[in-house]
Amino acid sequence: MARSALLNVMVAAVLKTGRTLARDFGEVENLQVSMKGPGDFVSAADKKAEKTLIEELSRARPGYGFLTEESAPIEGTDRSHRWIIDPLDGTTNFLHGIPIFAISVALERDGQIVAGVIFNPVMNELYVAEKGGGAFMNDRRMRVATRNTLADAVVATGIPHLGGPDHAGYLKKLQRVMLEVAGIRRNGAAALDLAWVAAGRFDAYFEDHIHAWDIAAGLLLVREAGGFVSDTSGGDRMLETGSICVGNESIHRRLLATLKA
């Protein structure tokens, strides 16, 4: 596929960041048995990845602002454009040596997500999308799955962790979904959950209490792969509400009805 200049900038930034993260991931296993443990090492790797992303994107597009997980928002001189980045989505997986994590970068222009790139450096899977240009994994066009019934669907979700909000409310939703679908999966990396829906691996994904940097790039991937995106109430303020539900038109509609029942 021929990429735009914008996507080339984003891909170059995530590939450079991914090389460093992949090297650090190779060290995590050795740290599992150390006295101090790998927590501080992973925190340092996360911050180093964010620094690399900000440096690379700022060099190519000076003046753009940033919304990122590890630091306070960075105001840019260009008020129309903002990068929304997660340098390491799936930190707990990374910490435990599980190769399901990703770098996620989205570009917001005048309040709309116009480009998204997600990269898993261990699996070497690069997902890209630009508004109106389709979605691709390693240069192959992606389409969402075409299953029409929840009984055939594999649905991904994010489960509230220790200290997370509304465990009771989530369990009620999960129980309703479990009774309707073929299977539930939990990756532990929202960006990859969305990328895998775009790739047709998962039929749907839902989660509440999530951050804009976790989903900004992925929601564009799903839309450009032909999927439908809303929050779990059916609204369109996913980045503001921290809630998301995606799938093809039929599965999205049926899953929303189940979540709201």
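The tour goes from the sheet to ring pairs, then to a helix and the pockets.

**Ground rules**

This is a predicted model, where local features need pLDDT of at least 70, side-chain atom pairs count only at pLDDT 80 or more, and totals for chains, interfaces and linings use all residues. Numbering starts from 1 along each chain as its sequence is written, and side-chain values use heavy atoms, without hydrogens or water.

**Stop 1: the sheet**

Show the strands (DSSP runs of E, at least two residues; helices are runs of H or I, at least four; both are numbered from the N terminus). Seven of them form an open sheet, ordered β1-β2-β3-β4-β5-β6-β7, with mixed pairing. Strands pair if DSSP finds at least two bridges between them.

Now select 125–130 and 135–137. These are β5 and β6, which run antiparallel and are joined by three bridges. V128 stands opposite F136 in β6.

**Stop 2: aromatic pairs**

Rings of Phe, Tyr and Trp (its six-membered ring) pair if their centres lie within 6.5 Å; planes under 30 degrees apart are stacked, over 60 edge-to-face, the rest tilted. The structure holds six such pairs.

Select Y64 and W83. Their ring centres are 5.7 Å apart and their planes meet at 40 degrees, so the pair is tilted. Y64 is in strand β1 and W83 in strand β2, so the pair ties together parts 19 residues apart in sequence. Y64 is buried at 14%, and W83 is buried at 0%.

Next, select W196 and F202. This pair is tilted too, with 5.5 Å centre to centre and 50 degrees between the planes. W196 counts as buried at 12% relative accessibility, as does F202 at 6%.

Then pick F25, F94 and F101. Ring pairs link them into a cluster.

**Stop 3: helix α6**

Select 212–224. Helix α6 has 13 residues and reaches 18 Å from its first C-alpha to its last, close to the 18 Å expected at 1.5 Å a residue. That expected span is 1.5 Å times one less than the number of residues. How many of its residues are buried? The count is 12 of 13, including W213, D214 and E224. Step on to G226, which follows α6 and has a positive phi, near 95 degrees.

**Stop 4: the pockets**

A pocket is found on a 1 Å grid over the protein atoms alone: an open set of points where a 1.4 Å probe fits, with protein on both sides within 12 Å along at least five of seven lines; lining residues have an atom within 4 Å of a point. Grid points are joined across faces, edges and corners, and the volume is the space filled by probe spheres set on them.

Select I159, H161, R186, E207 and D214. They lie nearest the centre of the largest pocket, which 29 residues line. Its space is about 680 Å³. Among its lining, β2 (78–89), α3 (91–95), α4 (167–178) and α5 (190–198) each supply at least two residues.

Last, the second largest pocket has about 260 Å³ of space. Of its 13 lining residues, G111, Q112, I113, R223 and D236 are the closest to its centre. Here β4 (112–120), α6 and α7 (238–241) each supply at least two lining residues.

Key:
Buried means under 20% relative accessible area, exposed over 50%, partly exposed in between (1.4 Å probe, protein chains only).
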